[in-house]
Amino acid sequence: VLLLAAPLAAGVYEVTVGEYSEFARDNPRTSEGCMVYDGEWRLHASVDWRNAVPGQMSSHPVTCVSFGDASAYAEWLSKRTGHSYRLPSAAEWEYFARAGGGLPWTHDVDACQNANAADATAAQTYPGWVAFECADSYVRSAPVGTFRVNAFGLADTLGNVFEWTQDCWRDDYANVPVDGSPVRDGDCAQREARGGSWFTPPRFVRPAYRNRFEAGYQATSLGFRLVREIGNAR
């Protein structure tokens with residue numbers, strides 16, 4: 001049983017391009033390119049958070065951001081607002097993604113109303129994908145809040161883009177904290193990410209699915225969501 005050490009509030013949406021642009025104006029971020037899928041994942045030197053996906057709007061989740069970028073944004077927002085913002089731990093993330101249950105749908109046909117994952121729309125562009133049979137009209141990421149919220153009122157916890165967590169990667173759960181704190185004694189060159197993305201096949205679109213990326217990795221399928229600590233205004 002997970003007992004969170006302290007109350008927190010989770011962002012309803014993944015951090016958007018528009019929100020991140022305010023931070024980036026005062027805190028320019030360097031980039032050597034971003035991983036883009038065009039039949040396989042390739043590094044594109046000309047792609048960054050500003051132009052990550054075709055037709056990107058300010059309401060799209062920001063992607064092509066590293067773990068350090070996401071952490072720096074949280075620190076900047078904390079200073080700007082006087083509240084304590086940070087990336088969630090993996091345990092906290094899974095708690096709010098489950099929202100008291102598991103998948104928010106019982107049949108695959110309903111998946112496209114709840115999550116932006118690999119689906120028939122994307123499979124038309126990339127034949128051979130293992131995908132949900134339904135169509136959600138998006139090949140890549142969608143503006144935040146396009147799909148149904150979960151029972152906690154949070155959007156896009158499953159699908160759309162992977163979300164960075166604080167946790168250093170561990171292959172198992174042996175001796176991990178039981179109070180929702182992040183894992184800090186694993187492989188900290190790699191950080192755990194949760195939620196799956198527009199690229200994720202159906203069997204991995206679930207709250208318990210874990211993935212890992214190098215902390216400096218930037219891809220069009222990877223963004224972040226923040227939590228705010230309650231009662232810790234600065």
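At what angle do the axes of helix α1 and α2 cross? They cross at roughly 80° and come within 10 Å. This is a predicted model.

- Helix α1 spans residues 17-26, and α2 spans residues 67-81.
- Angles of 65 to 115 degrees count as roughly perpendicular, so α1 is roughly perpendicular to α2.
- On the α1 side, the contact is made by Glu19, Tyr20, Glu22 and Phe23.
- On the α2 side, Asp69, Ala72, Tyr73, Trp76 and Arg80 take part.
- By class, the contact of α1 with α2 has five nonpolar and four charged residues, and no polar ones.

**Thr63**
- Thr63 sits in the loop between β3 (41-44) and α2.
- Its relative accessible area is 1%. Buried means under 20%, so Thr63 is buried.
- Beyond its neighbours within four places in sequence, Thr63 is in contact with Trp49, Ala52, Val161, Ala219, Thr220 and Leu222.

**Leu154**
- Leu154 belongs to the loop between α5 (120-125) and β5 (162-169).
- Leu154 also counts as buried, because its relative accessibility is 6%.
- Leaving out residues up to four places away in sequence, Leu154 touches Ala10, Gly11, Val12, Phe96, Val149 and Arg225.
- How far apart in space are Leu154 and Trp76? They are 23 Å apart, C-alpha to C-alpha, and 78 residues apart in sequence.
- Trp76 is one of the α2 residues that meet α1.

Technical notes:
Residues numbered from 1 in each chain as written. Predicted model: local features only at pLDDT ≥ 70, side-chain atom pairs only at ≥ 80, totals over all residues. Heavy atoms only, no water. Helix = DSSP H or I, 4+ residues; strand = E, 2+ residues; numbered from the N terminus. Buried < 20%, exposed > 50% of the residue type's maximum accessible area, 1.4 Å probe, protein only. Contact = heavy atoms within 4.5 Å. Axes fitted to C-alpha atoms, helices over the stretch in contact; angles between N-to-C directions. Parallel < 35°, antiparallel > 145°, perpendicular 65-115°, else oblique. Nonpolar A, V, L, I, M, F, W, Y, C, P; charged D, E, K, R; others polar.
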